[in-house]
Amino acid sequence: MDYAQLPIIFFIEVFVLIFFAILTYVFFAIWIYKDCKIRGESPLLWLLLFTFVSNFLGLIIYLIVRKEKKQVCKSCGCLISSSAKYCESCGLAIENSNDIQQFKQTSNRKYIISGIVSFCMIFICVIAIIITGLTGFLGETNVISKFEIWNTGFETISRENKSQNSWDLSLKSATEGFVKETKMDITNPDEQVLYLEATCDITKEGGNLMLWIVQGDTVKSIDVTNLGEVLEYPLNEFEKGEVFVRLQINNVKNVKSNIIIE
Ligand SMILES: [Zn+2]
C-alpha cells in the first residue's frame, strides 16, 4: 500500500484517535490514583495493572475488588474504616464527625467522567475512520490509477487464483465499473507477451469487458468482450518492473478469464 494516496483526513482522524486514547488513559489513571488514595490501596500496583495488563479489564477488576472508602483520623491522620468506632492507629474514639475528615464524594468524579467522555470520542473517531474507508476516500477508484483500486461497488461469487504472472478469474456479477486487478512483473518487455483468454455474457443494458494494463503513466486498454481467440498483447511499450493488470466489468456477467505474462 502506498501511503501517499491516503487523504489528509485519514491522518487527522488517526491523530485525533491517538490523542483521545492517550487522554482517556490519563484521565482514568488519575482517577485510579486518587481513588486508591482514599481507600488505602496501592496506587502503583493498580496503575501498573491498568497500564500493562489491559486498560479496561484493569479498570473493571479495580472497581470490583477495591477496598471500601476510608476516612482520615483528625488526631493522627491515618486512614481508618468508615465504620470504625476507634482509630485503629492512635486509639482515638470516633464519636462524631468532628473527629474524622471525610473525603469529598465529588472530588474524583470529574476524572472518571472526563475519561468516559474521552473514551466515547475514541468510538466516534473509529466510526469516522470506517466511514472514510467505506466512502472510498481511502483509495483510488480510477481504473487508470497508479495505485491499487478501491472499489465502492460489490461483486458476487468470484473465484480467483493469482500466482506469479498468472491470474484466473471467475466472476458471476459485479456492479458497473467494478475493477478486479492483480500485479504482474515484466522482466523482459521486448520479448514478453500478455496472453488473455476471456468469455462473458453481456447484460441487456449492453456493456463490455475491458482489459487495462497500467504502469505509471503508461496506460493501455483493450476491449476484450467478444474475443474469438486468445489475445496476444506485446509488452514492449512498458518497462521492466511491476504492472497493474485490470479487468473492468461494465454491465457484463459470468466473466471467466485467464491472463498470463510469458
Ligand atoms: Zn488516629
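1. Terms first. Two strands pair if DSSP finds at least two bridges between them. Helices (H or I, at least four residues) and strands (E, at least two) are DSSP runs, numbered from the N terminus. With that in hand, E8 and strand E9 (residues 218–223) pair in the antiparallel sense over six bridges.

2. Ground rules. This is a predicted model, in which local features need pLDDT of at least 70, side-chain atom pairs count only at pLDDT 80 or more, and totals for chains, interfaces and linings use all residues. Residues are numbered from 1 along each chain as its sequence is written.

3. Overall shape. The protein chain has four helices and twelve strands. Its radius of gyration is 33 Å, whereas a compact globule of 262 residues would have one near 18 Å. That radius is taken over C-alpha atoms, and the globule rule is 2.2 Å times the number of residues to the power 0.38. The C-alpha trace of the protein chain spans about 105 × 40 × 30 Å along its principal axes.

4. Domains. The protein chain is divided into domain 1 (3–68 + 103–134) and domain 2 (155–261). These bounds come from an automatic or database domain assignment. The centres of domain 1 and domain 2, taken over C-alpha atoms, are 49 Å apart.

5. Of the 262 residues of the protein chain, 19% count as buried. A residue is buried if 20 or more other C-beta atoms lie within 10 Å of its own, exposed if 12 or fewer, and partly exposed in between; C-beta atoms are placed from the backbone. Two residues are in contact if their C-beta atoms, placed from the backbone, lie within 7 Å. Among contacts in the protein chain between residues at least 6 apart in sequence, 64% join residues at least 24 apart.

6. Three strands form an open sheet in the order E2-E1-E3, with antiparallel pairing. Strand E2 (79–81) and strand E3 (100–101) are at the edges with a single partner strand each, so one side of each has no neighbour in the sheet. Strand E1 (residues 70–73) pairs with E3 over two bridges, in the antiparallel sense. Cys73 has Ile100 in E3 as its bridge partner.

7. Strand E4 (residues 155–163) runs antiparallel to strand E5 (residues 166–174), and eight bridges join them. Asn161 has Asp168 in E5 as its bridge partner. The hairpin of E4 and E5 has two residues between the strands, and Asn165 takes a positive phi near 60° there. E5 is also joined to strand E12 (residues 252–261) by six bridges, and these two run antiparallel. Ser170 stands opposite Lys256 in E12.

8. E8 and its partners. On the E9 side, Leu211 stands opposite Ile222. Two residues lie between the strands in the hairpin of E8 and E9, where Gly216 takes a positive phi near 60°. E8 is joined to E11 by seven bridges, and the two run antiparallel. Ile213 has Val245 in E11 as its bridge partner.

9. Which residues have the most contacts inside the largest nonpolar core? They are Leu209, Ile213, Val243, Val245, Ile249 and Val255, in a core of 26 residues. E5, strand E6 (178–186), strand E7 (193–202), strand E8 (208–215), strand E11 (241–250) and E12 each supply at least two residues of this core. E11 gives the largest share, five residues. A nonpolar core here is a set of buried Ala, Val, Leu, Ile, Met, Phe, Trp, Tyr and Cys residues joined through C-beta atoms within 7 Å. Leaving aside neighbours within four places in sequence, Ile213 is in contact with Leu194, Lys220, Val243 and Val245. A second, separate core of seven residues includes Phe27, Phe28, Trp31 and Trp46.

10. Backbone angles to check. Ile157 is not a glycine, but has a positive phi of about 40°. Ile157 lies in strand E4. Ile157 counts as exposed because it has 10 C-beta neighbours inside 10 Å. Asn254, a residue other than glycine, has a positive phi near 50°. Asn254 is found in strand E12, and counts as partly exposed because it has 14 C-beta neighbours inside 10 Å.
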